[in-house]
Structure formats: structure tokens, C-alpha cells
Amino acid sequence: MSDLQADRFGGQMIEPGHADYEVARRTVFATGAPAYVVRPDDVGDVRAAVRFARDAALPLSIRGGGHSFSGFGTNDGGLVIDLGGLDSVRILDLDRRLVRIGGGATWGTVAAALSEHNLAISSGDTRSVGVGGLTLAGGIGWKVRKYGLALDALVGAEVVLASGEVVHASAEDHSDLFWALRGGGGSFGVVTAFDFAAHTTTEVFHGKVTFPAREAETVLTGWSDYLRAAPDDLTSLVNLANPMTGGPQAPVEVHVTFDSDDADRAAEALEPIRRLGTVLDDDITLRPYADTLVDGAAPPPGLQFVLRSAFVDEESVPDVLRVLAESSTSNGAPVVGVRSLGGAVSRVPEGATAYPYRQAELLVVSVTAGPAPVVEAARPALDAMWSRLGPSVHGAYANFLSTAGEEALAAVYPAATHERLAQVKRCYDPANLFSRNHNVRPASPTDAHPHPGRDADSPYESAAEAWASSPSTNASTPGR
């Protein structure tokens with residue numbers, strides 16, 4: 001690695017045979033055999049590592065939290081840039097709630113740090129998940145109906161490009177890149193810092209109510225009908241066929257977060273949930289928002305995970321819920337999760353960001369896990385369920401897929417979104433250095449599409465728009 005050392009790389013460099021190599025080559029769901037793993041200390045180190053990978057024509061993986069189900073955070077024979085050392089959380093402007101977060105930070109660290117200032121960012125639901133991977137593809141968590149996706153709070157990003165250049169992308173600078181980063185994944189560069197517009201927060205009511213498996217269809221139908229009109233403060237998901245509590249006979253788990261510490265308002269909003277069926281357990285309590293995030297368990301070696309996901313529009317909800325209720329209570333059922341969207345997510349116009357499924361009402365996710373023989377034995381039931389769902393669902397959520405390739409890419413990005421992303425890719429990474437992701441290849445130079453960028457009349461997401469429109473914000477642009 002003399003070339004990298006000569007480029008003034010100051011971080012840790014790990015090769016096979018190094019004492020840390022066995023740990024460094026693994027992510028949560030994958031184990032690779034990279035030629036090099038580097039752990040940068042600063043953005044200068046990231047630039048040096050990117051140039052080294054480019055000049056040596058090495059496969060390049062960028063690792064934030066390492067939770068990619070598709071194993072994007074490692075590779076065989078290439079270079080892995082582990083951003084874990086770039087994990088700072090800094091308040092840039094408390095009055096405007098502007099926060100800068102390092103590209104290697106995890107959401108548990110962020111939630112804990114912001115809680116000291118009574119601030120939060122709508123994120124995922126696992127502490128050890130990286131800010132980068134979750135944000136770049138979406139960010140669906142416990143505040144999604146009130147504050148939108150994690151990417152909806154993004155107001156700027158520091159990005160190392162394939163050229164080694166460092167740029168700041170925002171609504172004003174490199175706006176085409178900024179559009180692509182919000183939903184387009186890691187195809188465009190290494191984000192070494194994220195600027196978010198946080199929101200003030202209180203403690204929240206969080207927990208789950210469980211119902212008998214035999215009431216699955218009734219509970220699901222009542223739940224979705226209620227969430228369609230429920231206050232945005234309420235975000236909810238339903239889990240079915242939990243293998244830890246009985247698989248097909250497992251209770252139906254309705255998980256909720258009511259984003260307020262007002263007990264009377266919470267009781268009123270949660271009462272319709274509690275009336276969905278025969279309550280077996282109810283553990284909803286008032287707790288800090290940071291405590292809603294769970295620890296991410298590392299699976300033992302040899303376990304395989306098959307994740308599928310798809311979005312559901314309002315008119316298809318009854319058919320989808322009927323299939324899920326029947327499938328989840330049958331032998332061989334996968335674990336099924338159904339997340340309610342809408343609210344703030346749906347109020348961002350289609351096309352304002354690269355996240356394309358704004359009007360979907362539900363997100364369905366299935367998980368099959370176990371040793372290879374167990375996963376293979378479960379495949380017929382899994383395929384049968386998704387075959388029945390097929391006519392009523394569309395698309396896929398990049399963060400909940402265990403496969404990559406053309407079919408997955410087409411599900412994650414509809415044609416129009418993909419075409420625009422490919423134009424941005426051609427501008428910022430024409431040689432496709434950043435390909436270890438749900439990869440958007442650069443458009444052909446002969447493509448006649450105009451240079452991408454923000455439309456003059458495109459509104460932005462609620463949190464960022466509120467921040468950006470304030471007089472104090474317009475006085476200066478942070479992070480340049």
C-alpha cells in the first residue's frame with residue numbers, strides 16, 4: 001500500500017494477516033476477502049483512499065454501519081473504506097437546529113447526542129445502523145409519519161467524488177447531486193458528513209399491543225383503516241409470524257410510537273389500536289425517543305437472510321392484507337412486517353427527491369433466515385406468498401432487500417427516476433467507481449437528456465424547507 005501511504009493517508013490500513021483483518025473483513029450480514037481495509041481519520045484520508053482504489057482499478061466498498069443485507073460493505077479482492085472513525089455529531093446552530101453528522105456515525109450515537117439538546121432526527125429503528133446507508137436510500141422509522149424520511153431532513157452533504165474532489169451538495173450547490181443523494185443510494189460518491197435540520201422532541205409513547213394470530217386479518221384491516229386517518233404523531237408497524245413467539249401461531253404485534261408526551265392525547269390516539277381485537281399484552285410506555293431504537297444483533301456465522309419488500313397503494317390494501325393474514329398463519333410462513341407510511345412522507349411531491357414511492361400507503365417486508373437448508377426449505381412458501389402479492393404491490397425499498405442486480409434495481413427505481421439518476425451518475429462518476437450498491441450506471445454520453453438539476457418550482461421536504469426558508473438560514477450557507 002505504498003502508493004496510499006505516499007498520498008499522505010493517516011488512518012489505519014489493514015491487509016490479510018493483520019491482527020484486525022478477521023474483524024475488518026466482516027459486516028453484519030456478510031464476510032468478504034478484501035485486499036485492503038482502510039479506516040480514515042478525516043476527509044483527506046477518504047480522498048486518498050478513493051484515489052488509490054481508482055488508480056489501482058480495485059473494487060471499492062464504502063462501509064458506514066455495515067448493515068447492508070446485500071453485503072455492500074465488503075468485497076473480495078478490493079478496497080473497503082470503513083468510515084467508522086468519522087462518527088462525530090456536532091451542533092452547528094442550536095437556534096436553527098442544524099446538526100452535522102459524520103458519515104460513519106450510527107443512529108444510536110446520534111439519538112443519544114441529540115437528546116441532550118431535546119433534538120431528534122427521524123431515523124430508522126436500530127441503534128447500530130449507519131446514518132449514511134439508511135439516509136441515502138430513504139430512512140423509515142418511528143417518526144416517519146410526522147417528520148418524513150431521514151433524507152427529508154437533509155439540507156447538505158460533504159461528498160468525496162470519484163475524482164478525489166470534495167464538494168458540498170445542497171439546494172444551492174450541486175443541486176443535481178443533492179437530489180440524487182436523497183434516495184439514490186451510494187452510487188455517486190462517499191458522503192463524509194451530513195447536515196440535517198433536526199426537530200425539537202419530547203419523550204414519546206412507545207411499545208406494542210399484541211393480539212391472537214387467529215385475529216390477524218381483522219387486526220390488520222382495522223389497523224390500516226385507522227392509520228389512514230390517524231394523527232401524524234402516530235407511526236406504527238405490524239409484525240406477523242415472529243419465530244421467537246410461535247411462528248405461524250405467534251401473536252400479531254402492533255408496534256406504535258406516539259410522538260408526544262401528552263398522556264391524554266396519546267390515550268385518545270392509541271385507543272383505536274387497543275380496540276382492534278382481543279388484547280393479549282400492552283407494554284406501551286412513555287420513554288425517551290433514543291430508547292425506541294433497538295440494538296442490532298449480529299447473527300452467528302452461516303446464517304442466511306432473504307429479504308423482500310414492496311410498496312402498497314391505497315386501492316390494493318385490502319387484497320394485500322388478506323394475503324398476508326392467510327400466509328403468515330400457514331406452515332413455513334416467513335416473518336412479515338407491514339409499515340404504515342403516508343403523513344409527512346406523502347406530502348413531499350413526487351420527484352422532489354430520488355426516493356420515488358411517496359404515495360404508497362404501506363411497505364411490506366418479509367424475512368426468511370436460517371442455515372442454508374432451512375432457507376431453501378422455506379422458499380416455496382415464500383415464493384407462493386409473493387406470487388399472490390405480485391398483482392397488488394409494486395417497487396421495493398433498497399434498505400430491505402438482500403439481492404442486488406438489474407431486477408432489484410428496476411424495483412427500487414422506476415424508469416423515470418433511474419434515467420435521471422443515470423444522468424447525475426454520468427456527471428459525477430462516469431467510470432462507475434462507486435458500484436458496490438444498488439448500482440446506477442452512468443448514462444451514455446450520447447443520451448440527449450438535459451443536464452439534471454432541481455426544477456425551479458420543485459418544493460423541498462418539510463423539515464429542510466422550514467429550515468432553509470428562515471431568514472437566519474438565508475444569510476449564509478453552512479458547510480461550504
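1. How many bridges pair strand E8 with strand E10, and in which sense do the two pair? Keep in mind that this is a predicted model. E8 (residues 154-160) and E10 (residues 190-197) are joined by six bridges, in the antiparallel sense. To pick out one spot, valine 159 has valine 191 of E10 as its bridge partner.

2. Zooming out, that pair belongs to an open, antiparallel sheet of five strands, ordered E5-E6-E10-E8-E9. At its edges sit E5 (89-93) and E9 (166-169), each pairing on one side only. Going from one strand to the next, the twist averages 20°.

3. Now for what packs on this sheet. Helix H3 lies across E8, E9 and E10, and runs at about 55° to E8. Helix H4 (residues 107-115) also packs on the sheet, where it touches E5, E10 and strand E6 (98-102). The direction of H4 makes about 45° with that of E5.

4. There's a four-stranded sheet to look at too: open, with mixed pairing, in the order E1-E2-E4-E3. E1 (12-14) and E3 (60-63) each have a single partner strand, so each has one side left without a neighbour in the sheet. Neighbouring strands here are turned against each other by 20° on average, if you ignore direction.

5. Within that sheet, E1 and E2 (residues 36-39) run antiparallel and are joined by three bridges. Methionine 13 has valine 38 in E2 as its bridge partner. H3 (residues 43-55) turns up again here, packing on the sheet and touching E2, E3 and strand E4 (79-82). Its direction makes about 165° with that of E4.

6. On aromatics, a search of the whole structure gives eight pairs. One of interest is tyrosine 36 with phenylalanine 52: the ring centres are 5.5 Å apart and the planes stand at 75°, so this pair is edge-to-face. Since tyrosine 36 is in strand E2 and phenylalanine 52 is in helix H3, the pair ties together parts 16 residues apart in sequence.

7. Last, the second largest pocket, which holds about 590 Å³ of space. Its lining has 26 residues, and those nearest the centre are Leu307, Arg308, Leu401, Ser402 and Thr403.

8. E17 gives the most, with seven residues.

Notes
Residues numbered from 1 in each chain as written. Predicted model: local features only at pLDDT ≥ 70, side-chain atom pairs only at ≥ 80, totals over all residues. Heavy atoms only, no water. 1 Å grid on protein atoms, 1.4 Å probe; cavity = no way out; pocket = protein on both sides within 12 Å on 5 of 7 lines; lining within 4 Å. Points joined across faces, edges and corners; volume = space filled by probe spheres on them. Pairing = 2+ DSSP bridges. Axes fitted to C-alpha atoms, helices over the stretch in contact; angles between N-to-C directions. Contact = heavy atoms within 4.5 Å. Phe/Tyr/Trp six-rings, centres within 6.5 Å; stacked < 30°, edge-to-face > 60°.
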